[in-house]
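My notes follow in the order of looking.

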Amino acid sequence: MSTELKKALYNISALADLGQAITSENNFHEKIQSVLYVITGTFLANKGALLFYDKPTNKLNTLAQKGFAPADLDRLNPEELMSLGRNESYLIGDDPVLTVAGAEILAPLWVRDEFIGALLLSGKLTVGPYTLEDLELLNVIANQIAIALNNHSLFLDLSDKLEENRRLYEEMRHIYHGTLQAFAAAIDAKDAYTKNHSHRVAKYSAAIARELGWNEHEIEGMYVAGYLHDVGKLAISNTLLNKVTPFTPEEREEIRKHSTLSHSITAKIKFPWKNVEDMVWHHHERLDGRGYPEALAQESLSDGVRILSLADSFDAMTSQRPYREKMDVQSAIGELRKNLESQFDHKVMLVFCKVLDKEIKGELPEPDILPHLDRDSDLSVISTLLEGIIVELSTP
Amino acid sequence: MKSVQFSVASRREGDAAIIYPKGYLNNLSGENLVIECGIYIGKGITKIVVNFSETDLINSIGISMLLQIIEDLRNIKGTICCTNMSKLLRDTFEMLGLMQHMLVFPVESDALTYLKTGKL
């Protein structure tokens, strides 16, 4: 086999090596390093550099290099390289623009109208200058590298945009939750006795939903419904909300309007979660159909409504009211159990008891209910009570 | 052909180091060959024998590694001897003009004798 043929075969296998280096599963840095080795090995160069043009800073960044002094590469001006033409390799010769880096051969890297960077080589080991054949082969290689770098750059741009969108979404979400909390604070501020009620109901509801196996999006929707369930109270007079003596039938009727008002307000909001307005509308419904505002019963009540109803009642019972003392936790749990099937859902009650019991036993890293309970509560007594109810409700 | 993960072993004999590359010299793991030689050069060794008995194939990446070793030794006026090369390796080195930059011996002992006595 002639030397020319052997050299041609070697060059073809070098192109295959290049393809393998570019498409390997290595990380970007390793790929580029391999690409540089392929090039220096193919052209027997003891100096090689792969430069990437960073448009925003108008600078050439060295992706990989061997043999060049970094300071020499820094002296290259991208605009001068751009003016040299596209994908045509150059023998640098005495070119004053290019000799600054000490390179002998240069291939500008372009993809369509986009300047991507440059490839520099120098120090051919075998004596003799680079030939026209070398330049032709370098053109082919430079094209492949330009496309690979451009793809990587596009990928990075997309990743940056994705990251930016994710950041903006998180920011919006943060603002959204902040607004909801401000709303809830405004609702609760109307009534000195219900301070933080919406916050607690949101926490309790989300904890039950989580224990029921809902996904994070659904849990967030439940949380939001908890925050907003009493938003209609903003339209009820402060005097009525803070009344110490028992309500007259007319006053009770007026107070009961708050869930319909909550629905009217939330129905105007385009929530990314399902059924928030339904949950706030019906959180005073009962399974036996004796609740309000629509006297719905059984199947008409979604799981979300059932959760919110229990969480709201439990917090109401364990909170001080102007017209009654607050209940201790055991009594409130007893009250919930007493009203199972007529008012509260069996499954939701079972899950609520499980969550609270787990929180008491320290099985949940971030408790949602326990921190809001009366500090004087005897947790071992509550746990025993909960265990009994869990066994009872778990029995078919 | 069964692909063998590239690895490098070495030993020292007198004032020479003998390097044993093993496997296909075709990817970044070949950097270990340069590193291994660099360790000996760093210790003042200027005579390096690369025994290719367990490396039949080399691609452009491997050639680049070898260029680096040749360059590193040239900078310290050292000597590189290649031994036990397959015909394919010899042909490749010859075609690329690398033979002018190294001494080639059929077997490792010949290279060591030459480095010791200066006689072929």
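**Entry 1: a pair of crossing helices**

I looked up H11(A) and helix H13 (residues 346-360) of chain A: their axes come within 9 Å and cross at roughly 55°. Axes here are lines fitted to C-alpha atoms, for helices over the stretch in contact, and angles run from 0 to 180 degrees between N-to-C directions. Helices are DSSP runs (H or I, at least four residues), numbered from the N terminus. The angle makes H11(A) oblique to H13(A). Angles under 35 degrees count as roughly parallel, over 145 as roughly antiparallel, 65 to 115 as roughly perpendicular and the rest as oblique.

Which residues of H11(A) and H13(A) meet? A:Asp303, A:Arg306, A:Ile307, A:Leu310 and A:Phe314 touch A:Lys347, A:Val348, A:Met349 and A:Phe352. Contact means heavy atoms within 4.5 Å. Ala, Val, Leu, Ile, Met, Phe, Trp, Tyr, Cys and Pro count as nonpolar, Asp, Glu, Lys and Arg as charged, and the others, Gly among them, as polar.

**Basis of the notes**

The model is predicted: local features need pLDDT of at least 70, side-chain atom pairs count only at pLDDT 80 or more, and totals for chains, interfaces and linings use all residues. Residues are numbered from 1 along each chain as its sequence is written, chains are lettered from A and ligands numbered from 1 in the order in which they are written, and side-chain values use heavy atoms, with hydrogens and water left out.

**Entry 2: another helix pair**

Next I checked helix H12 (residues 329-338) and helix H14 (residues 379-394) of chain A. Their axes come within 10 Å and cross at roughly 15°, so H12(A) and H14(A) are roughly parallel to each other. This crossing is left-handed. The contact residues divide into 7 nonpolar, 1 polar and 2 charged.

**Entry 3: two backbone details**

I found a cis peptide bond between A:Tyr292 and A:Pro293, with omega about 10°. A:Pro293 lies in the loop between helix H10 (276-281) and helix H11 (303-317) of chain A. A:Asn196 is not a glycine, yet its phi is positive, about 65°.

**Entry 4: where the chains meet**

I counted 20 residues from chain B and 21 residues from chain A in the contact. The two chains bury about 1,800 Å² between them, 65% of it on carbon and sulfur atoms. Buried area is the accessible area (1.4 Å probe) that two parts lose on being put together, summed over both.

Terms used. Helices (H or I, at least four residues) and strands (E, at least two) are DSSP runs, numbered from the N terminus. A crossing is left-handed if the near helix is turned anticlockwise from the far one by less than a right angle, and right-handed if clockwise.
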